[in-house]
Amino acid sequence: MLTAPFREANFKPENRKNMPEPTRKPIPFSEPTVGEAEMAAMQEVVLTKALAGDGKICRETEKLLQEMCGVKHALLTTSCTHALELAMLTLELGPGDEVILPSFTFSSTANAIMRQGARPVFADIDPATFNLDPHKLEELITPRTRCIIPVHYAGQGCEMETINAIAARYNISVVEDAAQGVGATWNGKPLGTIGDMGCFSFHATKNITCGEGGALLTNDSKLAHKAEIIREKGTNRSAFLRGEVDKYTWVDVGSSFVLTDMLAAFLKVQLERTAELNTKRLAIWNSYYDGTAALEQAGFIKRPYFRPEASNNGHIFGLLINNGKRDEVMRGLKARGVTAVFHYVPLHSSPYMVKYYEGQTPSLPATDMVSDSLLRLPLYAHMTEQDCQYVLAQLHDVIEQGK
Ligand SMILES: *Cc1c(COP(=O)(O)O)cnc(C)c1O
């Protein structure tokens, strides 16, 4: 099952203690796949000296994003964190308001709520997909609920029809955290375009990157108009640049979430490579999936599951390691030059939320189970099949030895 070249002498467990430390470079968990084309595009902007944001290139990149996603409005931002904050500002969330979100997510999802003085209400996840469980949603809705933020974990779409239907019944907004979902669909619809608003991340660890960057997507022109004012320091500069008003001025509360045209140029090249980069990631993902079938059959692990409605953009390959052995396996891999990681520490058990909830944090058993057992394997678009097989060989060895 494991092919010969990857059983290098250095790594044969029985030889290991007599061997010098392996000379093989550790396999990183993640690396951006970027090169000459991205650099050239950025250099071109530098030479024009039009470095500010919301300029010509920003417009072109937003247009490309709109076409790719079939969405009316795409606003580039400095990060997904800022896109989420921009969404919450646009909805005018404030003290007394509640927002439902999974606890199994990055702090940014909840920070956007906290910064408005609103209250985060944590929902449990479906232990099969690690996504917000819509069946546990309705019981959390109160007259104060203003918004639901589904997070498309690993680029797998949440059950958006069910979530949207519940939201519509109670007149609640839906903002998708599609940070990991660029290029993926749910029932054929691009993630980030199914709720009222959607947020993308172009951070260095994501499938498509400009180092730090993000976008807010929406089909609602009223929301888009309000958001673009907030993004531009509360001014109507965007309308001015389009020639819709003859001077620009301060019209609302705002901040500065515009992406510089230098990074927009970089991002444009990356976006054009979406199919290529996601296909490469998916090939590695599939090799991991096939290469861990035996471990699942033997009861050591559980492989990731995708619903038939969800397309896979190969963002994360995450395994559940059974019998409480996750940390042991993670350490074993590290000793063999493989950087595998876990996340998240669920937000409801973070020090900040324990304090915020004065110890009365909700009980979320599926979230706790997943976060205690999840292990993510190295995955990036330029990862070689050889490195992928090496990771698999080490995983097999570590698990077989520790059983
Ligand atoms: C990466 C990520 C974010 C934050 O994205 P940034 O662009 O780094 O701000 C938010 N939510 C989720 C689910 C993420 O994975």
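I count two strands as paired if DSSP finds at least two bridges between them. The model I am working from is predicted.

**Entry: the sheet**

I started with the strand order. Three strands form an open sheet, and they run β10-β11-β12. The pairing is antiparallel.

Next I asked which strands stand at the edges. They are β10 (301–302) and β12 (374–376). Each has a single partner strand, so one side of each lacks a neighbour in the sheet.

I then checked how many bridges join β11 to β12. I found three, with β11 covering residues 318–321.

**Entry: the ligand site**

I moved on to the ligand. It sits in the largest pocket. I listed 16 residues around the ligand, and the closest are T81, D177, Q180, S201 and K206.

I sorted the shell by residue type. Nine of its residues are polar, five are nonpolar and two are charged. I also looked up which helices contribute. Both α4 (80–90) and α5 (107–114) supply at least two residues of the shell.

**Entry: polar contacts and burial**

I looked at oxygen atoms of the ligand. One lies 2.9 Å from a polar backbone atom of C80. For Q180, I read 2.9 Å between a ligand oxygen and an N or O atom in the side chain. For K206, a polar side-chain atom is 3.2 Å from a ligand oxygen.

Last, I checked how much of the ligand the protein buries. Taken alone, the ligand exposes 380 Å², and the protein buries 92% of that.

Terms used:
Residues numbered from 1 in each chain as written. Predicted model: local features only at pLDDT ≥ 70, side-chain atom pairs only at ≥ 80, totals over all residues. Heavy atoms only, no water. Near = heavy atom within 4 Å. Polar contact = N/O pair within 3.5 Å; in protein donor to acceptor, adjacent residues only side chain to side chain. Areas by Shrake-Rupley, 256 points an atom, 1.4 Å probe, with all protein chains shown as cover. 1 Å grid on protein atoms, 1.4 Å probe; cavity = no way out; pocket = protein on both sides within 12 Å on 5 of 7 lines; lining within 4 Å. Sits in = over half its atoms within 2 Å of the grid points. Helix = DSSP H or I, 4+ residues; strand = E, 2+ residues; numbered from the N terminus. Nonpolar A, V, L, I, M, F, W, Y, C, P; charged D, E, K, R; others polar.
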